[in-house]
Amino acid sequence: QVQLVESGGGLVQAGGSLRLSCAASGSIDTIDTMGWYRQAPGKQRDVVATITSGGSTNYADSVKGRFTISRDNANNTVYLQMNGLKPEDTAVYYCKTIVGIGRFKYQYWGQGTHVTVSS
């Protein structure tokens, strides 16, 4: 079994910063792509940023230049540094990880962490 534990959400004023963390633990052989997604009330869950095991990153256009995704492979942790936050960034943020166990790959989601940006 694999667990993803997220932390770092909260309430911040517009223009402020937050750093999200997501640590994976359990029966893990390898971790492939890790990513952050978000879901605002009444909307679908969308990708925010992803990072491969080799460190290649991709960002949603709405966060480019403001958010930075990074990972610590030794500790199976992915981070999302969010600067210049806007009210439209308000959402529940979820991390997702592709984990290799034996010959198979599995997808896991974190429990979600709330980010609220006030204007």
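Is Ser21 buried or exposed, and what is the relative accessible area of Ser21?

A: Ser21 is buried, because its relative accessible area is 18%, and the limit for buried is under 20%, with exposed meaning over 50% and partly exposed lying in between, for a 1.4 Å probe and protein chains only. The model is a predicted one, in which local features need pLDDT of at least 70 and side-chain atom pairs count only at pLDDT 80 or more, whereas totals for chains, interfaces and linings use all residues. Residues are numbered from 1 along each chain as its sequence is written, and side-chain values use heavy atoms, with hydrogens and water left out.

Ser21 belongs to strand β3, where strands (E, at least two residues) and helices (H or I, at least four) are DSSP runs numbered from the N terminus. If residues up to four places away in sequence are set aside, the partners that Ser21 touches are Val5, Glu6, Ser7, Trp36, Val78 and Tyr79, a contact being heavy atoms within 4.5 Å.

Cys22 takes part in a disulfide with Cys95, the two sulfur atoms lying 2.0 Å apart, and the criterion for such a link is a pair of cysteine sulfur atoms within 2.5 Å. The link of Cys22 and Cys95 is right-handed, with 45° about the S-S bond, and both Cys22 and Cys95 are buried.

Gln3 counts as partly exposed, because its relative accessibility is 36%. Although Gln3 and Ala23 are 20 residues apart in sequence, their C-alpha atoms are 8.0 Å apart in space. Ala23 is also among the residues that Gln3 touches, together with Ala24, Ser25 and Gly26, again not counting residues up to four places away in sequence.

A backbone angle also deserves mention. Asn76 lies in the loop between β7 (67-72) and β8 (77-82), and its phi is near 50°, a positive value in a residue other than glycine. At 24% relative accessibility, Asn76 is classed as partly exposed.

As for the setting of these residues, the protein chain has 0 helices and 11 strands, and its order along the sequence reads β-β-β-β-β-β-β-β-β-β-β. Of its 119 residues, 42% count as buried. Among contacts between residues at least 6 apart in sequence, 54% join residues at least 24 apart.

Along the principal axes, the C-alpha atoms of the protein chain fill a box of roughly 50 × 25 × 25 Å. The radius of gyration of the chain is 14 Å, which agrees with the value near 14 Å that a compact globule of 119 residues would have; this radius is taken over C-alpha atoms, and the globule rule is 2.2 Å times the number of residues to the power 0.38.
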